[in-house]
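Dear colleague,

Please find the structure below for your review. My notes on it follow.

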Amino acid sequence: MRVRIRGPAGQAAISLSETATVEDLRTQITERTSISKFDLKHGYPPTPLSLGEFATTAKLSDIGINLDGEQLIVSETTQAPSVNGLPKPLDPSPSQVFADKALNPSSADTPSSFSFADVGTAPPSSTQKTSKPLSLTRKPTSASLDAPELPLPSHASTLVLRIMPDDNSCLFRAFNTAFFGAMDNMTELRSIIAQSIQVNPETYSAVVLDQQPDDYCRWIQTEDAWGGAIELDILSKHFDVEISSIDVQTLRTDRFNEGRPERCILVYSGIHYDAIALSPSDAPHKTAYAPPELDTKIFDAQDLVVLEGALELCRVLQERHYYTDTAAFTVRCNICGKVSVGEKGATEHASETGHYDFGEAA
């Protein structure tokens, strides 16, 4: 019996005899990962596997789960409780009491939450800070209603764009649907970002984040905070996967944690992220694709056909103008109707008026 394990430090394959026990598996995992207390997930989408439910002497062949050829995701157990095998949000410290922000939204130390998630861009500088997160709704496009698809006969599948909701969590939702499938881990993924920043102060300094790390950690855990390059970098390393992000406007591909054996592909359109999926087809040239639950969204990093196909899909999206030029687009305040130009104009309007609800103008 061969089992592949993926831990914080990388991946490894272990071999077990047909008579191996639960304790044998636990011992092998500890030896390969140096983690003595851990949580496990298996299958796709990954679901929790609790070895504590079985006797240590129970044979793996008798636990009702076929582990031969399976991949197990290993994460270290912490004192904090977990949800779906991921850590819960950080408990607020005295400097992280969200009630203070609700009672005093104009507080000078409240972090900015207005970012259009441009790859490589941090939240606005202190001169552009607003007092609470801003909301932006994209204008409807034909691409939103008719997502492109590309038959891949070599894979007996069709490459499709899975469009994420406009809920300010599109980056987290796009990665979540690629890595975990239908499970909703938005809150936990945001917590991972905050924890990674807190334990790596030299990497994620105030200079890199463009604001104090504690402020950024509070900001990114609000449901209105948009993610960008910093979040993609942290998630790719935490889950040991390459994230390839294709910019529709420029067709540039940014690769985070490059060199890992597997990758997911996200599509960045200026103020939004979607996910690329491979949907099985009944026939090599059939373009009608299967339901999302049958998708493959984690690909072999050596499979250049999928990556090139994703780039071709983005060319189609570019032709349909499925992107937002955040420097030059017009944005309308949904409260007073004021029209501003670009991210800078919207931020200034919010700072002057306290209006935070915007929509991309037609």
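Helix H5 (residues 186-199) has 14 residues and spans 20 Å from its first C-alpha to its last, close to the 20 Å expected at 1.5 Å a residue. That expectation is 1.5 Å times one less than the number of residues. Helices (H or I, at least four residues) and strands (E, at least two) are DSSP runs, numbered from the N terminus.

This is a predicted model: local features need pLDDT of at least 70, side-chain atom pairs count only at pLDDT 80 or more, and totals for chains, interfaces and linings use all residues. Residues are numbered from 1 along each chain as its sequence is written, and side-chain values use heavy atoms, leaving out hydrogens and water.

Because 10 of the 14 residues of H5 are buried, H5 is largely enclosed by the rest of the structure; buried means under 20% relative accessible area (1.4 Å probe, protein chains only). Among the buried residues are Glu-188 and Arg-190.

The axes of H4 and H8, lines fitted to C-alpha atoms over the stretch in contact, with angles running from 0 to 180 degrees between N-to-C directions, come within 11 Å and cross at roughly 25°. H4 is therefore roughly parallel to H8, a term for angles under 35 degrees. Leu-171, Phe-172 and Phe-175 in H4 meet Glu-231, Leu-232 and Leu-235 in H8, contact being heavy atoms within 4.5 Å.

Yours sincerely

Definitions and conventions. Buried means under 20% relative accessible area, exposed over 50%, partly exposed in between (1.4 Å probe, protein chains only). Angles under 35 degrees count as roughly parallel, over 145 as roughly antiparallel, 65 to 115 as roughly perpendicular and the rest as oblique.
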